[in-house]
Amino acid sequence: MSEAEGDKAARVLADFEGRWRMARRIGQANGPDARLEGEACWSPVDEGLLCEERGVLSVEGQPPLEAYRRYLWRSDLSVWFDDGRYFHQVPGQGGPCGHWCAPDQYDGVYDFSRWPVWRCTWQVRGPRKEYRMVTEYRR
C-alpha cells in the first residue's frame, strides 16, 4: 500500500503501537504559553494499549519540568484516563471528538492525513480553563 493510500485508511489500534516523538504546543487565553517535547509510547496490555507520555514541559517564565501522563486505548479506539474514567472516542479516519469535564468542554480533532505523522488538537473552553493544545506525533 502506498503512503497516499494509507492516508485514507481508517486507523486501528495496532497502528499506534510503539514509540512516537511528540511535540505539543499549548496556547492559553489567560496565562503563559507552553511547549512539551518528549515521547509517547503505546505498549500492549490486556485491555488494549497503554499510552505513556513523557517529556519536558516548558512554560514561559518558569523553569522546565518533567511531565508524565498515561491513558488506556482500547481496541475500539476509546481512550480512558489512567483512573478508569472514559475520556473520548478517537475517530478512526480522523475528525472531531469531545469530552465534557464539568464545567469545561473539550473539543478535539484528530488529523491522520499525513500518516504516519499525525496531530490531535484540543480546544478547551469553560470557566476554569481556556486553551488550545496541538500535539504532533511522528515515528
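Okay, housekeeping. The model is predicted, so to speak of local features we need pLDDT of at least 70, side-chain atom pairs count only at pLDDT 80 or more, and totals for chains, interfaces and linings use all residues. Residues are numbered from 1 along each chain as its sequence is written, and side-chain values use heavy atoms, with hydrogens and water left out.

Let's start inside. What is in the largest nonpolar core? There are 31 residues in it, and F16, W42, W73, Y110 and W118 have the most contacts inside it. By core I mean buried Ala, Val, Leu, Ile, Met, Phe, Trp, Tyr and Cys residues joined through side-chain atoms within 4.5 Å. Buried is under 20% relative accessible area, exposed is over 50%, and partly exposed is in between, with a 1.4 Å probe and protein chains only. Elements giving two or more residues to this core include β1 (18-28), β2 (34-45), β4 (65-73) and β10 (130-138). Those labels are DSSP runs numbered from the N terminus: strands are E with at least two residues, helices H or I with at least four.

Now look at W118. Leaving out residues up to four places away in sequence, W118 touches F16, W20, W42, W73, Y110, D111, F112, T135, E136 and Y137, where contact means heavy atoms within 4.5 Å.

On to rings. Phe, Tyr and Trp rings (the six-membered one for Trp) pair if their centres lie within 6.5 Å; planes under 30 degrees apart are stacked, over 60 edge-to-face, and the rest tilted. That rule gives 23 aromatic pairs. One of them is W42 with W73, edge-to-face at 5.3 Å centre to centre and 85° between the planes. W42 sits in strand β2 and W73 in strand β4, so this pair ties together parts 31 residues apart in sequence. Both W42 and W73 are buried. F112 and W118 make a tilted pair, 5.6 Å centre to centre with 55° between the planes, and both are buried too. Ring pairs also link a cluster of F16, W20, W42, W73, Y110, F112, W115, W118 and Y137.

Salt bridges next. I'm calling it one when a Lys or Arg side-chain nitrogen is within 4 Å of an Asp or Glu carboxyl oxygen, and the count is nine. Which residues does E53 bridge to? R24 at 3.1 Å, N to O, and R69 at 3.0 Å. E53 lies in strand β3 and R69 in strand β4, so that pair ties together parts 16 residues apart in sequence. E53 is buried at 4% relative accessible area, whereas R69 is partly exposed at 31%. Elsewhere, salt bridges with shared partners join R114, R119, E136 and R138 into one network.

Last, the strands. Pairing needs at least two DSSP bridges between two strands. β10 runs antiparallel to β1, joined by eight bridges, with I26 partnered by M133. β9 and β10 also pair antiparallel over eight bridges; C120 stands opposite T135 there, and a hairpin of four residues joins the two strands.
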